[in-house]
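User: Please take a close look at one part of this model for me, and then connect it to the rest.

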Amino acid sequence: MKHYYLLLLAFIASMQLSAQVEWKNPMAEPECCISGRAWNAEMGQTYHRIPDRFQATLPKNVWNLSKQGAGMHIRFSSTSKTIRVRFGVETAGAWMKNMPPMGHSGVDLYGKTADGKTHWIGIHGMGSWKKDTITYEWSNLTVPSYKSRGIEYTLYLPGYNTLKYLEIGIDKGADFHFIPQSLERPIVVYGSSIIQGASASRPGMMITNIVERELEYPIINLGFSGSARMEPEVFDMLSEIDARAFILDPMPNSFNFAPDEIIKRATAGVRKLRSKSQVPILMVECHPIPDSIFRANVNAKYQRGNVAFRKAYEQLKAEGVANLFYLSKDEIKFSEDDMIEGSHPTDTGCRLYADAYEKKIREMLPEDTANKRYPPVTQRRDGCYEWRIRHNKVLELNRTTDPEILLIGNSITHFWGGNPAYGVNNGLSAWEKTFGKRRVTNMGFGWDRIENVFWRIFHGELEGCSPKHICLLIGINNYADKEEDIAQGVADLARLIRERQPQAQLHVLKIYPARNREKKVARINKLLEQKLVIDDKTELVDLNSCLLLPDGSGKIDPAAFTKDGLHPCEAGYLKLGKMLKKHLK
């Protein structure tokens with residue numbers, strides 16, 4: 001009787017807990033929320049990496065491995081104090097001799113602060129593993145800043161198992177949003193088991209996941225364990241992707257081919273990609289062999305393959321193939337302690353491999369030359385909208401509407417009106433009178449600073465369009481910084497915009513005054529006059545007179561602002577629009 005009573009209490013407790021949890025299914029969302037793969041529109045309700053139509057043409061092993069979740073992740077934001085994940089895997093109890101269960105079939109959670117800093121979140125236990133169902137729980141989570149915004153999460157999926165389903169559980173009533181996959185062009189990585197994820201201890205330590213997290217470019221992981229053999233059908237598949245760059249890392253599986261065959265396959269593959277795209281292509285040698293002292297025979301085989309691969313690269317360069325890069329084994333700084341069994345890296349090996357990738361990617365993508373004072377970073381400080389979702393909407397608008405005018409800025413621009421209409425609008429009437437039916441993208445993001453605009457430009461917001469006019473207004477949210485730094489940051493942004501959109505007329509707006517900040521803003525604007533490079537396509541525009549009292553005091557006119565003394569009201573936007581309109585002919 002006592003045993004029955006205890007079971008009843010346990011059942012009641014579990015039912016009460018269940019009633020306190022809301023479960024969210026990413027597959028139930030109208031817009032796909034699975035990041036880290038191409039062809040999302042074709043994938044239906046699966047967690048596979050490649051659409052079904054490739055089954056008939058791809059090598060069997062490649063197709064089978066494509067059902068495993070390497071590199072895929074789910075982004076979401078929530079104010080929940082506890083995050084729960086439950087999911088089913090296709091292969092129960094799956095494991096590998098050289099890989100722990102958590103790395104093989106587990107998930108991994110990272111959180112981002114409102115200022116864009118990413119940190120790992122440990123589970124402090126192994127979760128519950130029952131046959132083909134796995135549950136994780138991260139409890140008593142703390143939010144370091146901007147508590148009302150909650151946390152933006154990245155949940156990395158299993159690299160070596162196939163998900164059947166997945167749900168995310170939050171506290172009942174907590175705020176929750178899935179974040180759709182970025183519309184940016186991705187970096188596509190093709191490789192072996194090393195790229196697929198062996199032998200990372202957990203998914204977040206897989207090489208492509210490290211690179212994705214730190215560079216924040218979308219990464220497509222097309223690593224296939226034991227099966228990176230440079231078949232023409234694989235390159236046909238790769239060539240379909242509208243990529244920012246391709247990374248080809250097949251040599252850990254292809255080194256045993258005859259040298260002539262390596263050259264033949266590698267050159268044919270690169271030519272196929274180049275026939276469809278002019279983006280950077282990186283060819284990667286097989287990693288160093290740390291135990292080469294006592295395994296000279298193994299090292300010799302790998303090195304023979306690398307010599308042939310480099311010859312393929314040199315042949316392609318001699319043919320005039322442009323934008324082609326090479327990563328040698330010596331640039332992957334392995335020590336003897338960075339491999340599991342001689343074929344796959346440990347976590348420290350994955351870290352070193354990712355470091356080599358990141359260094360080369362920065363060389364390949366000059367847009368990633370970070371500003372020393374204002375390194376690019378995301379943010380999530382403003383409670384009235386989701387930053388990444390707005391970023392995606394801007395990407396879509398600029399690619400599909402052929403905008404005449406782009407307005408780049410912070411909440412002062414964001415809250416004016418226009419599209420994307422997401423958040424607060426304080427000046428709708430003024431917007432209509434200023435722009436009428438002209439095609440305008442409002443690229444103002446509430447709470448943005450100079451470093452956030454750098455990130456947005458590096459991540460595609462000026463791609464796919466050829467505007468006639470671009471207006472830049474930024475810097476007031478960097479008010480606590482040194483005046484010299486703010487002025488230089490704005491000037492650096494202007495130079496970057498001119499590089500990306502040379503045909504556009506760039507109008508750099510002096511920073512608007514704000515209550516109790518008028519004097520410092522005036523000094524920053526004076527410095528900006530000295531630092532901004534003016535040419536036939538760049539001008540410095542001063543609209544501030546319409547926002548100041550006419551008595552010469554330099555103080556803001558309260559009638560032009562909302563109560564906060566920072567954001568213009570409808571009357572203020574009307575005055576600004578009337579003056580700005582003269583520059584947008």
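Where does Trp 39 lie in this structure?

Analyst: Happy to walk you through it. This is a predicted model, so local features need pLDDT of at least 70 and side-chain atom pairs count only at pLDDT 80 or more, while totals for chains, interfaces and linings use all residues. Residues are numbered from 1 along each chain as its sequence is written, and side-chain values use heavy atoms, with hydrogens and water left out.

Trp 39 lies in the loop between β2 and α2. Helices (H or I, at least four residues) and strands (E, at least two) are DSSP runs, numbered from the N terminus. The backbone of Trp 39 is worth a look: its phi is positive, about 60°, although it is not a glycine. Most residues other than glycine have a negative phi, and most peptide bonds are trans. Trp 39 counts as buried because its relative accessibility is 12%; buried means under 20% relative accessible area, exposed over 50% and partly exposed in between, with a 1.4 Å probe and protein chains only.

His 48 is in the loop between β2 (34–35) and α2 (60–65) as well. This histidine is buried, with a relative accessible area of 14%. Beyond residues up to four places away in sequence, His 48 touches Arg 37, Met 43, Ser 66, Lys 67, Met 72 and Thr 162, where contact means heavy atoms within 4.5 Å.

Cys 33 is buried too, at a relative accessible area of 2%. Its closest cysteine sulfur, in Cys 32, is 6.5 Å away, which is too far for a bond. The structure as a whole holds 0 disulfides, a disulfide being a pair of cysteine sulfur atoms within 2.5 Å. Cys 546 is likewise in no disulfide, as the nearest cysteine sulfur, that of Cys 569, is 11 Å away.

Trp 95, by contrast, is exposed, because its relative accessibility is 59%. Trp 95 sits in the loop between β4 (83–89) and α3 (101–105). From Trp 95 to Ser 201 there are 106 residues in sequence but 12 Å in space, C-alpha to C-alpha.

Glu 216, in the loop between α5 and β13 (219–223), has a positive phi of about 65° without being a glycine. Glu 216 is buried, at 12% relative accessibility. Another runs from Asn 419 to Pro 420, with omega near 0°; Pro 420 is in the loop between α12 (411–414) and α13 (428–435).

Now for the interior. In soluble globular proteins, nonpolar side chains tend to be buried together. A nonpolar core is here a set of buried Ala, Val, Leu, Ile, Met, Phe, Trp, Tyr and Cys residues joined through side-chain atoms within 4.5 Å. Of the 96 residues in the largest one, Ile 187 and Tyr 357 touch the most other members. Helix α15 (residues 483–500) gives the largest share of this core, 8 residues. A separate core has 45 residues, including Val 188 and Phe 255. Leaving aside neighbours within four places in sequence, the contacts of Ile 187 include Tyr 217, Ile 219, Ile 361 and Leu 365.

Tyr 357 and Ile 361 are among the buried residues of α10, and what covers those buried residues includes β12 (187–191), α4 (193–196) and α5 (207–215).

Rings of Phe, Tyr and Trp (its six-membered ring) pair if their centres lie within 6.5 Å, and planes under 30 degrees apart count as stacked, over 60 as edge-to-face and the rest as tilted. Tyr 136 and Trp 138 form a tilted pair, 5.6 Å centre to centre with 45° between the planes, and both are buried. Phe 176 and Phe 178 have ring centres 4.8 Å apart and planes at 90°, so that pair is edge-to-face. Ring pairs also link Tyr 385, Trp 387, Tyr 422, Phe 445 and Trp 455 into a cluster.
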